[in-house]
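Biologist: Could you take me through the model shown below, one question at a time?

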Number of protein chains: 2
Amino acid sequence: MRSAFHHQLETLTQELGAMCAMAGEAIGLATEALLKADLVLAERVIAGQADIVAVNTGAEETAFALLALQAPVATDLRAVVSAIGIAADAQRMGGLAVHVADIARMRHPHTAVPDDVRRHIAEMGGVAEQLAGGAREVLLAQDPRGAAQIRRDDDAMDELHHQLLTALMDPGWRHGVAAAVDVTLLGRFYERFADHAVQIARRVIFQATGR
Amino acid sequence: MRSAFHHQLETLTQELGAMCAMAGEAIGLATEALLKADLVLAERVIAGQADIVAVNTGAEETAFALLALQAPVATDLRAVVSAIGIAADAQRMGGLAVHVADIARMRHPHTAVPDDVRRHIAEMGGVAEQLAGGAREVLLAQDPRGAAQIRRDDDAMDELHHQLLTALMDPGWRHGVAAAVDVTLLGRFYERFADHAVQIARRVIFQATGR
């Protein structure tokens, strides 16, 4: 019984890892769509969210089945409830990638990203993808050591976001308010994507260490 | 046993209702702080988030105790897991009110909200407060009929957000990019606050009707 439980929990963890990978790919493609003003890519990200939602639904059902049929307690109970939260975080990461892709689509055939902040956005996209990968690794290895890298990536995201806002607020900004609105929202989406990846890592680490 | 369970579930629901009320009060005060450039009020909202987090922690513990000690199944199981999600939504609503208050604090003694969009922000604050109240009512009455009002309020929020972005993007916008960045973020915070209130109502209604 106990071993059946852990086998199913392992399957659930694999599903969560897959969701992180999908969210990471989505934010990578969304960033590419944004920087290249690539409509087809943007639409691929938007359509792909349905797959992430489907895996989430499956993961939730697995979690409910585990709770109902195995009635886990203590650490096992917390692991299952934590999995539901992780799935929600990963789905939200996918949703934020869709928001980025939406902006790319809305501005097509133009680009939403003025030259002055291309580098910031490209780097935020790269760090976001890396964070999704880091969350996946921490999850699959159940290893708190990955947390240090996650923290570095999260700090890098904060720094990039700060630089982005500084560039926007600079009196020399010459791309007008409409572009500033897009870039403000983009910055927020990447920042939130990072927050959710960090939150996933936190849940795993709390689960593994109680801290 | 069953009645002890439902008694504790009722206590949990009361805690969730309290969290919605606290989040509603927070967004109301944050909006006032913003419009009046009132630093004391902004700081009250920021400090108050600790209370929402404390109630969330308590609610989570109650939920875990219910799961571990009563091993509920079927509808009862879903009610408890749903409660954990509702508590997270309500805490996030409080967090978004803090973001609004942060902008008020950051711009003090100036106001972050130019005259042209004062009405939009004031109304978004009002609708957000109303949505928190609506989520609380749906939760406490477990009554899907309140959902219609929630949907109307959510539509009103969407419309206000749309108007706000239109005002920002207008070529006649004469408040510069820095103000536009603040207002863009504010719009996003109110919109997300509304999304979470709607999500709470959805969880309750799904719980009550299976749809």
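Biologist: Which residues does Thr13(A) touch, not counting residues up to four places away in sequence?

Modeller: This is a predicted model, in which local features need pLDDT of at least 70, side-chain atom pairs count only at pLDDT 80 or more, and totals for chains, interfaces and linings use all residues. Residues are numbered from 1 along each chain as its sequence is written, chains are lettered from A and ligands numbered from 1 in the order in which they are written, and side-chain values use heavy atoms, with hydrogens and water left out. Thr13(A) is found in helix H1 (residues 2–36) of chain A, where helices are DSSP runs of H or I with at least four residues, numbered from the N terminus. With contact taken as heavy atoms within 4.5 Å, the residues touched by Thr13(A) are Leu139(A), Leu140(A) and Gln142(A).

Biologist: Is Thr13(A) buried or exposed?

Modeller: Buried stands for under 20% relative accessible area and exposed for over 50%, with partly exposed in between, using a 1.4 Å probe and protein chains only. The relative accessible area of Thr13(A) is 13%, so Thr13(A) is buried.

Biologist: What distance separates the end C-alpha atoms of helix H5 (residues 147–169) of chain B?

Modeller: The expected span of a helix is 1.5 Å times one less than its number of residues. For the 23 residues of H5(B) this gives 33 Å, and the computed distance agrees, at 33 Å.

Biologist: Which helices do the buried residues of H5(B) pack against?

Modeller: The buried residues of H5(B) include Ala147(B), Ile150(B), Met157(B) and Leu168(B), and Asp153(B), Asp154(B) and His161(B) are also among them. Their packing partners come from both chains, being helix H6 (176–209) of chain A together with, in chain B, helix H4 (118–141) and helix H6 (176–209).

Biologist: Which rotation superposes chain B on chain A?

Modeller: Copies are superposed by least squares on the C-alpha atoms of residues with pLDDT of at least 70 in both. The shift along the axis is 0.0 Å and the RMSD is 0.0 Å, for a rotation of 180 degrees. That is the relation of a two-fold axis.

How values were computed:
Helix = DSSP H or I, 4+ residues; strand = E, 2+ residues; numbered from the N terminus.
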